[in-house]
Amino acid sequence: MWRLKLLLQFVLGRLPWGEQINHLLQRIKGSFASPRVKNNVLGIISHLVAVGRLAKIEGSEVVEIGTGWDAIAPLALYLLGAKTTTSYDRFPHLRLRLARGVLDQMEILLDQIALMTAIPKPLLKERLARLKSAVGLEMLLKSARIIYKAPGDAGRTELEDCSIDIIFSNSVLEHVPNSVLHEFTREARRILKPGSTAVHFIGLGDHYAGNGRGISGVNFLKYSPNWWNFFVQNQIGYHNRLREKQFIELFRSHGASVQVISHAIRPDDLKALKTLKIDPSFAGMTHEELAVHTTLLAIFFRDSQSHPCNGRLDF
């Protein structure tokens with residue numbers, strides 16, 4: 001089954017309307033069905049709760065990377081009190097119908113969201129009602145205080161130095177080329193206020209593994225870079241295969257301090273690594289380092305004499 005998915009995305013990634021066809025197939029498969037949206041909403045809210053332990057979301061200026069088709073993260077940030085969210089995406093995928101589906105799930109989950117966030121339910125209800133009353137996508141974005149940049153480049157935001165409180169991404173950085181990750185990190189360093197943070201949830205597992213149905217989440221580590229780049233690296237199926245350790249090293253190369261908020265390792269992946277022949281490009285890492293399936297990382301830029309915000313007192 002995973003080979004069929006890889007072949008399909010290999011073909012679609014080379015067609016002019018490949019992403020739209022892939023999106024249609026995702027809808028048919030149920031990727032935007034209510035149970036999946038419910039789980040995604042709860043997952044992103046839980047990640048934002050972790051962000052809130054490091055930085056105050058209420059009243060904050062936020063940059064979000066990867067709006068997606070349904071804008072769960074920007075809508076959740078408004079619900080949690082962000083002053084403004086500037087959200088960047090490569091293409092203008094956002095659809096009103098899918099965003100409304102997110103709002104419907106948020107309404108169903110309101111008691112749970114109030115419990116998770118410690119935000120009073122009446123306040124959450126008031127904010128959600130404002131969004132649900134919006135007519136059209138433009139009004140919804142305005143009501144949610146979302147500045148939608150698509151096509152947009154989070155590596156060249158054109159925002160002012162030292163103007164942002166929080167940068168957030170959810171399941172995005174694993175789909176970004178190494179060179180672009182460096183651009184994102186340099187830009188984060190420039191636009192974040194001193195003491196502010198960027199928090200990234202990163203899915204490190206094999207996206208072709210089929211949720212553990214007979215294929216390990218580390219199966220893709222056996223392929224050479226040349227094989228992987230030819231068959232997988234396209235605008236639909238791109239996955240950089242970087243491990244948590246490599247992400248941390250990349251961020252630190254830009255002078256960042258990195259905190260692992262949480263990460264997950266699946267026992268089945270550790271078991272698979274005992275017999276799996278790993279490509280030499282992943283040599284030098286332990287099985288535990290290779291097996292990290294998801295990670296939530298916070299990065300900070302502190303104590304740097306060359307930091308663009310050094311010496312500024314106007315915030």
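Tutor: The chain's secondary structure comes to 13 helices and seven strands. Please keep in mind that this is a predicted model. Of the 315 residues in the chain, 51% count as buried. Among contacts with a separation of 6 or more, 79% are between residues 24 or more positions apart. The accessible surface of the chain comes to about 15,400 Å², and 55% of that belongs to carbon and sulfur atoms.

Now to the part you asked for. Rolling a probe the size of a water molecule over the atoms shows where empty space is left. With a threshold of 30 Å³ or more, the count is one cavity. The volume of the largest cavity is about 90 Å³. Its lining consists of 15 residues, and those nearest the centre are Ile65, Phe184, Thr185, Ala188 and His200. By class, the lining of the largest cavity has twelve nonpolar residues, two polar and one charged.

Where does that lining come from? Strand 1 (61–65), helix 9 (178–191) and strand 5 (192–203) each give at least two residues to the lining of the largest cavity. Helix 9 has the largest share, with six residues.

Leaving aside residues up to four places away in sequence, Val63 touches Thr86, Tyr88, Leu159, Ile164, Ile166, Ile167, Phe168 and Ile191. Take Phe168 from that list: Val63 and Phe168 are 105 residues apart in sequence, yet their C-alpha atoms are 6.4 Å apart in space.

The other contributor to follow is strand 5. Strand 5 runs antiparallel to strand 7, and seven bridges join the two. Within this pairing, Thr197 has Phe300 of strand 7 as its bridge partner. Strand 7 also pairs with strand 6 (residues 256–265), again in the antiparallel sense, over nine bridges. There, Gln259 stands opposite Ala298 of strand 7. Strand 7 (residues 292–301) is largely enclosed by the rest of the structure, because ten of its ten residues are buried.

One contact leads on from here. Asp269, in helix 12 (residues 267–273), touches Ser216, Gly217, Val218, Ala291 and His293, not counting residues up to four places away in sequence. Asp269 counts as buried, because its relative accessibility is 1%. The C-alpha atoms of Asp269 and Asn219 are separated by 8.5 Å, although the two residues are 50 apart along the chain.

Helix 10 (residues 225–231) supplies the largest share of the pocket lining, three residues. By class, the lining of the second largest pocket has five nonpolar, six polar and one charged residues, whereas that of the largest cavity has twelve nonpolar, two polar and one charged.

Notes: Residues are numbered from 1 along each chain as its sequence is written. This is a predicted model: local features need pLDDT of at least 70, side-chain atom pairs count only at pLDDT 80 or more; totals for chains, interfaces and linings use all residues. Side-chain values use heavy atoms; hydrogens and water are left out. Helices (H or I, at least four residues) and strands (E, at least two) are DSSP runs, numbered from the N terminus. Buried means under 20% relative accessible area, exposed over 50%, partly exposed in between (1.4 Å probe, protein chains only). Contact means heavy atoms within 4.5 Å. On a 1 Å grid over the protein atoms alone, a cavity is a set of points where a 1.4 Å probe fits but cannot get out, and a pocket is an open set with protein on both sides within 12 Å along at least five of seven lines; lining residues have an atom within 4 Å of a point. Grid points are joined across faces, edges and corners, and a volume is the space filled by probe spheres set on the points. Ala, Val, Leu, Ile, Met, Phe, Trp, Tyr, Cys and Pro count as nonpolar, Asp, Glu, Lys and Arg as charged, and the others, Gly among them, as polar. Accessible areas come from the Shrake-Rupley method with a 1.4 Å probe; for residues, only the protein chains shown count as cover. Two strands pair if DSSP finds at least two bridges between them.
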